[in-house]
Amino acid sequence: MAKYSQDDLLKDFAKRTMQNLHEYSGDFEITQLINSFLGVLVFAFQKKKISQEINYGNGLTTSVEECGWIRNSIAHFNFNPESKEHEITQITFQNEDHPDWSKDFTVSDLKAFLVSLNQHIQEST
């Protein structure tokens, strides 16, 4: 196994995570997506690398504050996958500290968010 870059562990981790996500094929693609999202979002938030809202297409954005709430949601297992006809179609994130808040992502929007977050990390200094 190749070692991580000593220059920027987070950038290297995020890049490898995205590569794993794109190369994965199997029955558990949503599990792979959630694991990828968990690692990249939690690490980026902890390293204070999310400095602006994340735009992920079709006019969809997530503020820095919401990224923190989503980070807490996924880190503390406060999310709910929703299914139609045995396929996961959407994931709703909730935050115990903000009970009136929730954020819904379709699977494709969650992937787009993760791609945009990775781009943000790769472009950060």
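## Packing of α2 and α3

The angle between them is about 125°, and their axes lie 9 Å apart. Axes here are lines fitted to C-alpha atoms, for helices over the stretch in contact, and angles run from 0 to 180 degrees between N-to-C directions. Helices (H or I, at least four residues) and strands (E, at least two) are DSSP runs, numbered from the N terminus.

The crossing of α2 with α3 is left-handed, a term for a near helix turned anticlockwise from the far one by less than a right angle. On the α2 side the contact (heavy atoms within 4.5 Å) involves I34, F37, L38, L41, V42, F45 and Q46. The α3 side supplies V64, C67, G68, I70, R71, I74 and A75. These residues comprise eleven nonpolar, two polar and one charged. In this classification Ala, Val, Leu, Ile, Met, Phe, Trp, Tyr, Cys and Pro are nonpolar, Asp, Glu, Lys and Arg are charged, and the others, Gly among them, are polar.

## Basis of the model

The structure is a predicted model, in which local features need pLDDT of at least 70 and side-chain atom pairs count only at pLDDT 80 or more, whereas totals for chains, interfaces and linings use all residues. Residues are numbered from 1 along each chain as its sequence is written, and side-chain values use heavy atoms, with hydrogens and water left out.

## Packing of α1 and α4

Helix α1 (residues 9-23) packs against helix α4 (residues 107-123) at an angle of about 150°, with the axes 9 Å apart. The two helices are therefore roughly antiparallel to each other, and their crossing is left-handed. From α1 the contact draws on L10, K11, A14, K15, M18 and L21, and from α4 on L114, V115, N118, I121 and Q122. By class, the contact of α1 with α4 has seven nonpolar, two polar and two charged residues.

## The nonpolar core

The largest nonpolar core contains 31 residues; such a core is a set of buried Ala, Val, Leu, Ile, Met, Phe, Trp, Tyr and Cys residues joined through side-chain atoms within 4.5 Å. F37, L41, I74, F93, F113 and L117 have the most contacts inside this core. At least two residues each come from α1, α2 (29-46), α3 (64-75), β4 (87-95), β5 (98-106) and α4, and α2 gives the most, with eight.

Beyond its neighbours within four places in sequence, L117 contacts V40, L41, I50 and I54. L114, in helix α4, counts as buried at 0% relative accessibility, where buried means under 20% relative accessible area, exposed over 50% and partly exposed in between (1.4 Å probe, protein chains only). With the sequence neighbours within four places again set aside, L114 is in contact with M18, L21, L33, S36, F37 and V40. S36, in helix α2, is likewise buried, at 3% relative accessibility. Residues up to four places away not counted, S36 touches T17, L21 and L114.

## Loop residues with positive phi

Most residues other than glycine have a negative phi. F77, in the loop between α3 and β3 (79-84), has a positive phi near 60° and counts as exposed at 66% relative accessibility. E85, in the loop between β3 and β4, has a positive phi near 50° and is exposed, with a relative accessible area of 78%. The C-alpha atoms of E85 and L114 are separated by 25 Å, the two residues being 29 apart along the chain.

Methods: Angles under 35 degrees count as roughly parallel, over 145 as roughly antiparallel, 65 to 115 as roughly perpendicular and the rest as oblique.
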